[in-house]
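Let's read a structure together, one feature at a time. Keep the sequence and the 3D view side by side as we go.

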Amino acid sequence: MRSARGIGQPVISRTDRSPPVQSRLGRRAVVGFGVVGTLAVVGTAGSCGPDPDPSKTGEPAVTAVDVRLDRGIPGTWEIVAGGVGPAPGQFNGPAGIAIGADGSILVAEHGNHRVQRFSASGLPVAEWGRKGSGPAEFVNPYGIAIGADGRIFVADRGNNRVQLFSPTGKPLAEWGRAGKDPGQFLAPEGLALDQSGNVYVGEYGNNRVQKLAASGDPVASWGATGGRGGAGPGEFNWPVGFAIEPSGSLVIADWGNDRIQRISAAGAPMSQWGRKGTLAGEFGNPNGVAIDPSGRIWVTEYSNCRVQVLSPEGRPLAQFSATGMRPGKGVGEFTYPRGIAIDAGGAVYVTEFGNNRIQRFTPARV
């Protein structure tokens, strides 16, 4: 494990041609919406454009936008880390994100084949991993989660396995190999842990969600038979992200079906919301899901370049994006948002594949 301790400032790309930091701090703009039932239709589905090469995109800024709305979710967006490259604090396709009990930020980097740890303020602290198939090596890691004991779980997508690490990044175990049988994986991406320590893995290749015991033994799986994609209740077409509610039910981003599904802890379909589109409550490739302390559901939309917020019942409440849901580089704007996580205080963290950065939304205390 390579350490980045002692670095005094976040790494900022030399391509940043925006005004000096002092002139940009405190800039204010409305980047969210209130009661989304009143929204006009903006943009078209997939308006974010083609999939980018993450190593050639991203122009970080260091600033914050204060959102003050009469209705909706007031708060502040800010960029906490970003820049293109392999150096500490830089990214090449940041995907999964998790927040430690101490506020530290962990990111699985798809393109740099590593995991990075940041302080709560966004300073790079440590990293581990390189491209390979050995212990603590990765091929396009994607999902990441932290257990109650501090252990770190990483969905090693290209190696068709889940790796476990100590809180300091020491490799502890690995589960799985390529296949369709219980305990095997094909392109695992989504990753979450419940309060009992069970591990849930969403597989892009097998179109299913597997439940594993804390020991790694397979317990159950849900999805259409034979690994095929499906659009029925409890079936999936690339379940790439999900979150677990306090009740134990799973809220799943069903990427290819452009919807969100909720299933019970036993795997029974409960409800679903959405269809392909850009209206409130519609989705363009939903990717990451997180639950805030109020039970609201936050969803990143890869193709719509936005973050939507839903009530626990699935009613759209608010959204954040650039005008017209175009790719955006400003604060509170997104280009191919991927992972999302929420800390104990309710702050929301989003990784952007296209901008190679992490943004954080801090709700206003009202």
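**Reading the fold, step by step**

Among contacts in the protein between residues at least 6 apart in sequence, 51% join residues at least 24 apart. Keep in mind that this is a predicted model.

Q: How many helices and strands does the protein have?
A: The protein has 1 helix and 26 strands. Of its 366 residues, 60% count as buried. The accessible surface comes to about 14,100 Å², and 53% of that belongs to carbon and sulfur atoms.

Q: How do I read a sheet, and what is the order of strands in the open sheet of 4 strands?
A: The general idea is that strands of a sheet pair through backbone hydrogen bonds, either parallel or antiparallel. Here the order is β16-β17-β18-β19, with antiparallel pairing. β16 and β19 stand at the edges with a single partner strand each, so one side of each has no neighbour in the sheet. From one strand to the next, the twist averages 20°.

Q: How many bridges join the strand β17 to β18, and how many join β18 to β19?
A: Strand β17 (residues 250-254) is joined to β18 by 5 bridges, and aspartate 254 stands opposite arginine 259 in β18. Between β18 (residues 259-263) and β19 (residues 269-273) there are 4 bridges. There, arginine 262 has serine 271 in β19 as its bridge partner. β18 and β19 form a hairpin with 5 residues between them, and glycine 267 in the turn has a positive phi of about 95°.

Q: How do I read a salt bridge, and how many does a search of the whole structure find?
A: Side chains of opposite charge can pair when their charged atoms come close. The search finds 17 salt bridges in the whole structure. In one of them, the side chains of arginine 157 and glutamate 189 meet at 2.5 Å, N to O. Arginine 157 lies in the loop between β9 (152-156) and β10 (161-165), and glutamate 189 in strand β12 (residues 188-193), so the pair ties together parts 32 residues apart in sequence. Arginine 157 is partly exposed at 22% relative accessibility, whereas glutamate 189 is buried at 4%.

Q: Where does glutamate 235 sit, and which residue meets its side chain in a salt bridge?
A: Glutamate 235 is in the loop between β15 (218-223) and β16 (239-244). Its side chain meets that of arginine 228 in a salt bridge (3.6 Å, N to O). Arginine 228 is partly exposed, with a relative accessible area of 43%. A polar atom of the glutamate 235 side chain also lies 3.4 Å from the backbone nitrogen of alanine 231. Beyond its neighbours within four places in sequence, glutamate 235 is in contact with residues including Asp254, Arg259 and Gln261.

Q: Is tryptophan 298 buried or exposed, and which side chain makes a polar contact with it?
A: Tryptophan 298 lies in strand β21. Its relative accessible area is 1%, so tryptophan 298 is buried. The side chain of tryptophan 298 makes a polar contact of 3.0 Å with the side chain of aspartate 292.

Q: Where is serine 303, and is it buried or exposed?
A: Serine 303 is in the loop between β21 (297-301) and β22 (306-310). With 11% relative accessibility, serine 303 counts as buried. A polar contact of 2.3 Å joins its side chain to that of asparagine 285.

Definitions and conventions: Residues are numbered from 1 along each chain as its sequence is written. This is a predicted model: local features need pLDDT of at least 70, side-chain atom pairs count only at pLDDT 80 or more; totals for chains, interfaces and linings use all residues. Side-chain values use heavy atoms; hydrogens and water are left out. Helices (H or I, at least four residues) and strands (E, at least two) are DSSP runs, numbered from the N terminus. A polar contact is a pair of N or O atoms within 3.5 Å; within protein, one must be able to donate a hydrogen and the other to accept it, and residues adjacent in sequence count only if both atoms are side-chain atoms. Contact means heavy atoms within 4.5 Å. Buried means under 20% relative accessible area, exposed over 50%, partly exposed in between (1.4 Å probe, protein chains only). Two strands pair if DSSP finds at least two bridges between them. Accessible areas come from the Shrake-Rupley method with a 1.4 Å probe; for residues, only the protein chains shown count as cover. Axes are lines fitted to C-alpha atoms, for helices over the stretch in contact, and angles run from 0 to 180 degrees between N-to-C directions. A salt bridge is a side-chain nitrogen of Lys or Arg within 4 Å of a carboxyl oxygen of Asp or Glu.
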